[in-house]
Amino acid sequence: MIETVKHLIGSGGSSGFGSRSTADHVTLHSDLRSLTAIITGATSGIGAETARVLAKRGARLVLPARSIKTAEETKARILSEFPDSEIIVMHLDLSSLASVRRFVANFESLNLPLNILINNAGKYAHKHAISEDGVEMTFATNYLGHFLLTKLLLKKMIETASQSGVQGRIVNVTSVIHSWFSGDMLQYLADISRNNRNYDATRAYALSKLANVLHTIELSRLLHKMDANVTANCVHPGIVRTRLTRDREGFITDLVFFLTSKLLKSVPQAAATTCYVATSPRLRNVCGKYFSDCNEARTSKFGSCNIKAQRLWTASELLVSPNVYQTFNYSLANGPVCSKSQAHI
């Protein structure tokens, strides 16, 4: 209840920022002119605002997108506002592991540094679909593609941080909806990757967002083990006020929308936490944390299990391997499982 009140009034936390802070506000004193950032899902919404603000602060941007045309339009909008910006548009379909590998190869051919990786792209699939790699589409796009992307770019990020002395930042955009998932993650993924009998769009989305959280936990552990000058954190941007919230009409719907709208954010407000975590000098050496409203917050208890994070990582390594169809069932049948006490459920 207290947290809800703080959110409603926009009360600032220890960072000095809160739910009503904007991306412009939290980066006001940031100078990113020497930095290169890759931002997925930057053609609309939170991703587009994140790209706009990072360009405003001087960062070189790489914008991967399925639609080159849409990405070029985003680039043009940013350049119209900030003509000196350097923006590179490249093709990437996160639901395709082959596309992720091609993107990384093409990016590496540019011989650019990489300081910031923002894994922002996401989708909510109302209809059940399977990726070309045999994985349920929401999970493939929101999590698995980003897992492989991060894995393949990590060496470049570590090298850049070592050579420049500037700490690298990886930001995984998740959602508070990760707390809605319960049950065996990998078994549910296997079920919905075989057929649509047990498919529920909201549960599938929650699964992918929980995977983003657990990815951050295990990636943080591995970065620490490697003594890399790169951090990884995840963020809940908030529930965004968009036209999608008015898809249906009616008195009850309008009443619910009116009441709920007091908790919704504008796009500039929703992009604030991502920009804060990606750029704030206050977060140097902060790693493996979950942020909401520009302040550190708690994940769900289900999302804080280190063993589940390790199990997901092992399964993900197998899923992105060339023999994905052979390894998928193996990944579900092996690996450690959280005890009830460890999972805090």
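Colleague: Which residue stands opposite Leu61 in β3?

Modeller: Please bear in mind that this is a predicted model. Opposite Leu61 stands Ile87 of β3. The two strands involved, β2 (residues 60–65) and β3, are paired in the parallel sense, over five bridges.

Colleague: Which helix lies across β2 and β3?

Modeller: That is helix α4 (residues 68–81), which runs at about 170 degrees to β3.

Colleague: In what order do the eight strands form the open sheet?

Modeller: The order is β3-β2-β1-β4-β5-β6-β7-β8, with mixed pairing. At the edges are β3 (87–91) and β8 (295–297), each of which pairs on one side only. From one strand to the next, the twist averages 25 degrees.

Colleague: Which strands does α6 touch as it packs on the sheet?

Modeller: Helix α6 touches β1 (36–39), β4 (116–119), β5 (168–173) and β6 (230–236), and its direction makes about 165 degrees with that of β4.

Colleague: At what angle do α6 and α12 pack?

Modeller: Helix α6 (residues 137–164) meets helix α12 (residues 306–319) at about 85 degrees, and their axes are 11 Å apart. Because angles of 65 to 115 degrees count as roughly perpendicular, α6 is described as roughly perpendicular to α12.

Colleague: Which residues make this contact?

Modeller: From α6 come Phe139, Tyr143, Leu144, Phe147 and Lys151, while α12 supplies Leu312, Trp313, Ser316, Glu317 and Leu319. By class, the residues of this contact between α6 and α12 are seven nonpolar, one polar and two charged.

Key:
Residues numbered from 1 in each chain as written. Predicted model: local features only at pLDDT ≥ 70, side-chain atom pairs only at ≥ 80, totals over all residues. Heavy atoms only, no water. Axes fitted to C-alpha atoms, helices over the stretch in contact; angles between N-to-C directions. Helix = DSSP H or I, 4+ residues; strand = E, 2+ residues; numbered from the N terminus. Parallel < 35°, antiparallel > 145°, perpendicular 65-115°, else oblique. Contact = heavy atoms within 4.5 Å. Nonpolar A, V, L, I, M, F, W, Y, C, P; charged D, E, K, R; others polar. Pairing = 2+ DSSP bridges.
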